[in-house]
There are 4 protein chains.
Amino acid sequence: MAERRVGLWLVGARGGVATTVAVGLAALARGEAPTTGLVTESLGPLGVELGLVPWRDFCVGGHEVRPGTLAEAARELEAQHGALPSGSADRYAAELAAIDARVRPGVVFRSGSAIEALAPAGCVAPANTAREAIGAIRRDLEEFRETNQLASLVVVIVSSTEPPTDTSAIPATWDGLDATLDGADCALRASSLYAIAAIESGAAVVNFTPSQGADLPAIEERARRRSVPLAGRDGKTGETLLKSTLAPMFAARRLEVLSWVSHNILGNRDGAVLADPDNKRAKVESKERLLETMLGYRPESLVSIEHIASMGDWKTAWDHVHFRGFLGVPMSLQFTWQGCDSALAAPLVLDLARLIDVAARRGESGAVGALGAFFKSPQGTTEHALGEQVRALDAWLRRPR
Amino acid sequence: MAERRVGLWLVGARGGVATTVAVGLAALARGEAPTTGLVTESLGPLGVELGLVPWRDFCVGGHEVRPGTLAEAARELEAQHGALPSGSADRYAAELAAIDARVRPGVVFRSGSAIEALAPAGCVAPANTAREAIGAIRRDLEEFRETNQLASLVVVIVSSTEPPTDTSAIPATWDGLDATLDGADCALRASSLYAIAAIESGAAVVNFTPSQGADLPAIEERARRRSVPLAGRDGKTGETLLKSTLAPMFAARRLEVLSWVSHNILGNRDGAVLADPDNKRAKVESKERLLETMLGYRPESLVSIEHIASMGDWKTAWDHVHFRGFLGVPMSLQFTWQGCDSALAAPLVLDLARLIDVAARRGESGAVGALGAFFKSPQGTTEHALGEQVRALDAWLRRPR
Amino acid sequence: MAERRVGLWLVGARGGVATTVAVGLAALARGEAPTTGLVTESLGPLGVELGLVPWRDFCVGGHEVRPGTLAEAARELEAQHGALPSGSADRYAAELAAIDARVRPGVVFRSGSAIEALAPAGCVAPANTAREAIGAIRRDLEEFRETNQLASLVVVIVSSTEPPTDTSAIPATWDGLDATLDGADCALRASSLYAIAAIESGAAVVNFTPSQGADLPAIEERARRRSVPLAGRDGKTGETLLKSTLAPMFAARRLEVLSWVSHNILGNRDGAVLADPDNKRAKVESKERLLETMLGYRPESLVSIEHIASMGDWKTAWDHVHFRGFLGVPMSLQFTWQGCDSALAAPLVLDLARLIDVAARRGESGAVGALGAFFKSPQGTTEHALGEQVRALDAWLRRPR
Amino acid sequence: MAERRVGLWLVGARGGVATTVAVGLAALARGEAPTTGLVTESLGPLGVELGLVPWRDFCVGGHEVRPGTLAEAARELEAQHGALPSGSADRYAAELAAIDARVRPGVVFRSGSAIEALAPAGCVAPANTAREAIGAIRRDLEEFRETNQLASLVVVIVSSTEPPTDTSAIPATWDGLDATLDGADCALRASSLYAIAAIESGAAVVNFTPSQGADLPAIEERARRRSVPLAGRDGKTGETLLKSTLAPMFAARRLEVLSWVSHNILGNRDGAVLADPDNKRAKVESKERLLETMLGYRPESLVSIEHIASMGDWKTAWDHVHFRGFLGVPMSLQFTWQGCDSALAAPLVLDLARLIDVAARRGESGAVGALGAFFKSPQGTTEHALGEQVRALDAWLRRPR
């Protein structure tokens with residue numbers, strides 16, 4: 001079979017997740033990394049049948065609004081208690097430099113003051129209106145596709161969390177939304193503009209962040225019309241992964257959850273952006289929605305995310321679940337999760353790039369609910385329980401063509 | 001529909017679990033208890049269709065080798081940081097006394113020195129051989145059935161854990177086993193004699209303990225021949241429930257578990273019996289088998305169960321899971337489970353009594369694998385993952401008759 | 001020796017702490033309670049020499065702004081997972097009723113909307129100015145003293161936390177402050193008015209809450225002039241007790257604390273009042289001050305206190321300490337503290353009543369720094385480390401008269 | 001002042017602690033390491049007055065029974081989640097090689113099968129009797145002292161834990177013990193032979209392990225006679241450090257500890273040696289003795305130490321403290337300590353080398369109880385509470401000469 005190069009365009013191209021994706025892909029392409037954490041590596045013959053993109057056939061580029069190089073970003077992760085294996089930046093210097101050469105200045109558009117503070121003038125593509133920004137992004141995507149002779153293109157949003165979008169201010173149809181793109185009061189934020197530009201250029205879109213992205217009826221409508229598949233939003237990597245695993249257990253045993261408290265501390269740039277109350281609100285809302293869906297009732301709940309610089313890229317979550325058993329006897333479960341954010345997210349990004357490419361080749365368009373297992377706020381499905389999501393994914397993978 | 005009285009015979013009739021079953025059933029029959037923790041209460045119309053026994057139609061009796069009354073046992077639980085709601089012993093004094101009147105001296109047979117130490121001479125039915133013990137038990141069951149005009153009978157083993165049975169010394173066929181029942185070297189322990197007696201008298205058998213009970217090919221063969229359904233063994237109530245919930249998550253995300261350490265402390269009589277190394281071995285083996293099945297490989301693992309008197313009926317488990325993600329980055333999950341053993345076990349015993357009665361009415365015999373969700377070492381299935389077990393149970397419940 | 005009755009006047013007379021004090025004192029007087037948790041019970045012959053008030057010689061009264069009875073408050077605590085032993089309200093009904101008869105309507109004065117919402121009109125003593133409030137309080141204290149023929153009187157503030165007082169608006173001298181007491185813009189809150197009233201009537205003052213109370217130069221000056229001893233503020237009962245124990249260990253080993261995160265959840269009325277951001281601020285500030293004092297530098301730190309109703313009177317604190325050892329190797333300590341607020345606070349209140357009575361008899365006046373071991377924000381000392389505080393207390397107790 | 005070279009002889013010269021000592025000393029001598037974790041670096045002018053040995057004036061050698069080089073040992077630690085900073089082995093290659101050249105084959109003498117399994121024939125000094133072993137060790141020490149023109153010599157035992165010594169079989173006087181040194185049934189183990197050899201050659205002895213070492217009346221007698229100071233045993237680095245910090249808090253508040261459970265998991269060679277039940281017993285006994293001393297009564301207690309290879313040099317301890325407060329209300333404290341064993345131990349070894357050198361220069365001999373803060377089973381004192389130990393050390397340091 002002739003080689004089929006697939007583009008992987010990372011919005012937030014030098015953040016922790018993107019950097020780990022870049023290093024990981026280089027290591028996988030050279031056969032130097034184990035496949036731990038990569039869900040699509042467990043498919044065996046089915047993976048072959050699905051035509052999963054081999055790791056070496058991905059070509060990576062992206063948008064970034066911060067200065068620096070991928071090697072610098074990798075060194076920073078190495079220094080954070082081993083968030084990347086020691087020596088990674090040196091070993092994969094060539095691959096990282098090649099990607100750096102394909103990174104373009106991103107757009108900043110209602111991204112919130114925390115993100116805007118990170119972005120010096122030279123790193124940002126100027127745009128007066130939403131439509132101008134979409135145009136600029138689209139030109140970068142198309143240049144990337146042509147220069148590298150890509151058979152297909154996947155855009156993955158891994159940039160820092162924006163403040164919540166005021167969805168009430170956004171028309172529900174594409175025509176309605178389209179009409180606002182030139183105005184000064186267009187309520188869309190950058191993540192949605194990236195999604196629109198990708199869709200317009202025929203690229204699949206994965207939103208791994210809590211930002212709004214393509215999660216709007218008008219944008220989903222446009223994706224369906226343009227035959228582009230979407231997946232999102234907010235990668236389910238840590239504390240929420242556990243929640244969506246444990247809550248079904250309480251439901252299965254009819255143990256009544258009285259309260260579920262979740263405190264998260266983390267120290268990376270994402271954490272710093274979340275210290276801004278506006279940006280944090282988006283993240284917390286995304287995390288709080290799940291319990292009611294899985295339990296069938298709404299227990300007391302509290303979610304905090306706090307920036308503690310000393311933690312680096314490591315996130316520690318402490319959860320306290322207070323519940324009631326037979327005859328009302330109160331009990332509790334506590335857990336502490338100590339995970340490295342980038343190392344948890346990066347393999348899921350790689351899996352998603354492969355899987356949305358499958359969806360694109362199958363001709364699916366709009367939100368692909370079968371990918372819900374990867375997200376905290378899955379588009380295209382109302383299922384949050386991990387077990388059910390894994391089964392849905394499996395059924396989708398095995399669906400006869 | 002005419003009332004259909006169902007017998008619930010508890011082996012270990014005044015232990016913590018049995019006492020909580022007795023109080024709970026009294027409270028449910030009077031409509032004074034919420035249905036928290038009772039899985040069969042979530043079935044709605046399906047429950048009606050299945051003809052689940054109403055709580056007030058259960059008639060409770062049992063065997064016990066220790067002196068005392070149920071009211072005393074209930075008061076002891078009340079005093080243990082609320083393992084039973086304060087005032088339970090007084091409120092349900094009449095119901096408890098009625099059960100006490102139906103409790104008969106149990107048998108002690110190779111039960112291990114820890115259990116034998118608990119049993120004064122007057123509380124034990126004399127038996128020189130296994131066959132004599134079986135006969136004595138059977139007479140009690142049949143008297144219970146006749147006196148109370150029971151339409152059906154379920155025997156549930158909730159006595160303290162015995163040492164492991166030497167299964168290599170036990171013939172694989174019923175005829176072979178039957179030939180050993182008169183000899184001095186019959187390797188069966190009491191729990192298996194109870195199971196045989198129940199089967200011979202046509203009663204369904206649930207083994208909620210790690211003891212061997214009916215989990216032997218020869219006994220299963222006999223159950224099939226006598227058309228008796230079986231379920232066992234070792235109720236999945238706490239730390240193992242969590243393990244069977246969390247291990248599939250690690251598998252689904254291909255996070256590699258390096259080690260899984262589980263330390264359990266508890267202070268009730270069960271704990272004291274487990275302080276005897278022989279009895280503990282049975283319990284620990286039961287808990288260690290799961291991980292390999294669910295993960296597909298065998299991580300380092302360690303399980304301890306220790307008796308700490310101050311904890312009373314409360315079990316605290318601390319688990320430390322060391323795992324590796326993408327690019328080999330090491331991470332960890334710890335949890336602390338603080339649960340009340342009796343309050344976790346009792347509703348499952350009640351559910352199992354209802355469900356094995358369904359199996360009996362459907363004419364099922366031998367091990368009912370569909371009830372695997374309730375057990376640490378399920379008979380009749382190799383599935384340990386809670387999610388899959390819950391689905392299997394659901395499918396079984398909905399199976400057209 | 002002739003009996004010497006000592007008055008114990010509780011501001012917040014039916015709150016959780018006061019209720020536990022009342023039940024505990026009744027139990028101690030009858031010889032029905034162990035002396036667990038009572039520091040002054042370990043003094044042996046020294047206690048006799050110091051003339052510690054025997055428990056039966058305390059006479060309790062107080063102010064309260066909420067309706068209800070002590071028996072009701074006690075029953076509420078009993079129901080909260082055993083915050084009081086089951087049956088306490090009934091057993092000590094007579095003693096509780098006797099105290100109820102001595103409770104007077106309290107004052108509400110700049111107490112914050114959270115507290116004001118709890119106080120119906122009939123339970124509050126009317127007061128248009130600070131001076132009127134002081135007068136009303138003082139009349140109650142003096143009536144209490146006379147009616148009960150008290151040799152001495154201790155006022156202990158155990159009411160809900162007020163918002164922080166604007167101390168910059170308060171004159172530094174008594175004369176200056178005195179001149180503001182009639183004005184509409186007097187910045188004092190109720191806790192300080194109670195303290196002034198007590199001082200004016202010659203009663204010792206203990207402030208067990210984070211509210212300002214007597215912790216103002218002008219009020220301390222007045223106490224010294226009136227020969228009244230003071231102790232405060234904010235009882236060190238749980239998470240801060242641990243902090244002041246553990247921080248000196250890090251200092252002693254020169255382990256560098258990078259960050260110290262403390263999350264507290266609790267469900268009692270105090271917690272509800274703290275859900276009001278103004279009131280919470282006072283409490284959090286009180287908790288954050290310590291680390292720098294004990295470590296000699298200021299690590300990153302975060303303290304949260306959140307109201308989770310299901311926890312009742314139980315407070316669970318999770319602390320995560322991130323520190324660095326030799327050659328910069330990062331390590332961590334986490335702890336979870338599960339304590340019952342009232343049961344931790346009440347014995348300290350009783351100890352303080354005894355000890356400030358010793359100070360009064362010794363003729364000490366103003367803030368008694370030797371009592372710092374009992375407080376999160378000790379008045380009269382800058383020492384926060386528990387070990388040093390315990391030594392200072394010991395030296396004070398043994399000081400020759 | 002003329003340079004005064006001090007010898008630091010490490011028994012177990014390529015174990016984790018010794019390797020970290022070697023790297024750390026090299027880094028300190030070059031001024032490349034912060035002084036975090038070094039207690040003697042906080043003394044300021046007092047340190048100067050005491051004549052603390054500057055780091056660059058230490059000359060390191062030692063005994064080892066395992067093959068390999070320090071650089072290899074350092075690389076192994078680097079790979080264990082950063083137990084040494086990445087790049088240490090390369091950066092300090094010259095210093096490590098210089099030490100390697102001074103390492104001599106150690107003796108194995110009743111060291112237990114776990115240790116003996118680590119020691120190939122070529123790495124062990126042959127010795128048929130205790131006296132021969134002592135002689136061989138002594139010759140190495142004296143050669144080290146002469147070759148390097150050392151003003152003074154400190155021997156620190158940091159080798160793996162031996163099984164407990166049968167102290168009942170060992171004469172209480174030096175003359176009695178001396179008479180057994182040629183016999184086949186001398187009950188001393190290697191650690192005690194090292195101590196004797198050091199004493200005979202006039203070197204101070206620090207025993208940082210739970211092995212018996214110099215902790216025998218006959219050996220202490222000999223040390224006093226030879227004017228040699230001793231310190232030991234079993235470095236207080238982690239879970240016990242916390243115990244000796246927290247237990248005094250419970251005592252100070254008269255909170256009654258009902259049970260204290262401590263589970264430790266660790267994965268380094270020390271852990272492997274502890275997996276041998278004989279060796280573990282010594283360690284556990286050392287840890288269990290403390291509570292009674294500090295609390296004044298003996299709560300239920302349980303200590304486990306288990307080898308989990310995946311943890312590498314990281315030790316995780318989980319402690320569960322069950323206690324009772326006022327009116328018998330039960331509460332709990334749990335903590336999880338995640339520490340790097342070598343990084344915690346190494347600076348204490350360096351501090352002890354400096355401080356025992358102070359003792360030697362002051363002419364002290366026998367067990368120096370003032371160094372008790374560094375040990376789990378301190379010789380020369382019965383004080384275990386960290387706070388009191390720190391004060392005793394401080395007083396000793398400030399003692400006028």
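Q: Start with Glu292(A). Is it buried, exposed or partly exposed?
A: Glu292(A) is partly exposed, because its relative accessible area is 37%. Keep in mind that this is a predicted model.

Q: What does the side chain of Glu292(A) meet in a salt bridge?
A: That would be Arg298(A), at 2.9 Å from N to O. Arg298(A) has a relative accessible area of 56%, so it counts as exposed.

Q: What does Glu41(A) form a salt bridge with?
A: Arg354(A), with the closest N and O atoms 3.1 Å apart. This pair links distant parts of the chain, 313 residues apart. Glu41(A) sits in the loop between α1 and α2 of chain A, while Arg354(A) belongs to helix α15 (residues 341-361) of chain A.

Q: And how covered are those two?
A: Glu41(A) is partly exposed at a relative accessible area of 29%. Arg354(A) has 5%, under the 20% cut-off, so Arg354(A) is buried.

Q: Which residues of chain A are linked in a network of salt bridges?
A: Arg30(A), Glu32(A), Arg91(A) and Glu95(A) are linked in one.

Q: Over to chain B. Where does Glu95(B) lie?
A: In helix α5 of chain B, residues 93-100. Glu95(B) is partly exposed, with 24% relative accessibility.

Q: Staying in chain B, which residue does Asp215(B) form a salt bridge with?
A: Arg233(B), where the closest N and O atoms are 2.9 Å apart. Both partners are in loops: Asp215(B) between β5 and α10 of chain B, Arg233(B) between β6 and α11 of chain B. The two are 18 residues apart.

Q: Buried or exposed, those two?
A: Asp215(B) is partly exposed at 22% relative accessibility. Arg233(B) is buried at 10%.

Q: How many residues of helix α9 of chain B are buried?
A: 11 of the 11 are buried, so the helix (residues 190-200) is largely enclosed by the rest of the structure. The buried residues include Ser191(B), Tyr194(B) and Glu200(B).

Q: What comes just after α9(B)?
A: Gly202(B), which takes a positive phi of about 80°.

Q: Back to chain A for the strands. How many residues of β7(A) are buried?
A: 10 of the 11 residues in strand β7 (residues 256-266) of chain A are buried, so by the 20% cut-off the strand is mostly covered.

Q: Which strand do 9 bridges join β7(A) to?
A: Strand β9 (residues 314-324) of chain A, and the two run antiparallel. Val257(A) has Phe323(A) as its bridge partner in β9(A).

Q: And β8(A), parallel or antiparallel to β7(A)?
A: Parallel, over 8 bridges between β7(A) and strand β8 (residues 300-307) of chain A. Leu302(A) in β8(A) stands opposite Val261(A).

Q: Last topic, chains C and D. How many residues are in contact?
A: 58 residues of chain C are in contact with 58 of chain D. The two chains bury about 4,700 Å² between them, with 67% of that on carbon and sulfur atoms. Arg253(C), Arg254(C) and Phe326(C) supply 21% of the area that chain C buries against chain D, more than any other three residues.

Q: How many salt bridges and polar contacts go across?
A: The count is 0 salt bridges between chain C and chain D. There are 14 residue pairs in polar contact across the interface.

Q: Which elements of chain C give two or more residues to the side touching chain D?
A: α1, α11, β9, β10, α15 and α16 of chain C. β10(C) gives the most, with 11 residues. By class, that side of chain C has 36 nonpolar, 14 polar and 8 charged residues.

Q: What does β10(C) pair with in chain D?
A: Strand β10 (residues 330-340) of chain D, in the antiparallel sense over 7 bridges. Leu333(C) has Trp337(D) as its bridge partner there.

Note on methods
Residues are numbered from 1 along each chain as its sequence is written. Chains are lettered from A and ligands numbered from 1 in the order in which they are written. This is a predicted model: local features need pLDDT of at least 70, side-chain atom pairs count only at pLDDT 80 or more; totals for chains, interfaces and linings use all residues. Side-chain values use heavy atoms; hydrogens and water are left out. Contact means heavy atoms within 4.5 Å. Buried area is the accessible area (1.4 Å probe) that two parts lose on being put together, summed over both. A salt bridge is a side-chain nitrogen of Lys or Arg within 4 Å of a carboxyl oxygen of Asp or Glu. A polar contact is a pair of N or O atoms within 3.5 Å; within protein, one must be able to donate a hydrogen and the other to accept it, and residues adjacent in sequence count only if both atoms are side-chain atoms. Helices (H or I, at least four residues) and strands (E, at least two) are DSSP runs, numbered from the N terminus. Ala, Val, Leu, Ile, Met, Phe, Trp, Tyr, Cys and Pro count as nonpolar, Asp, Glu, Lys and Arg as charged, and the others, Gly among them, as polar. Two strands pair if DSSP finds at least two bridges between them. Buried means under 20% relative accessible area, exposed over 50%, partly exposed in between (1.4 Å probe, protein chains only).
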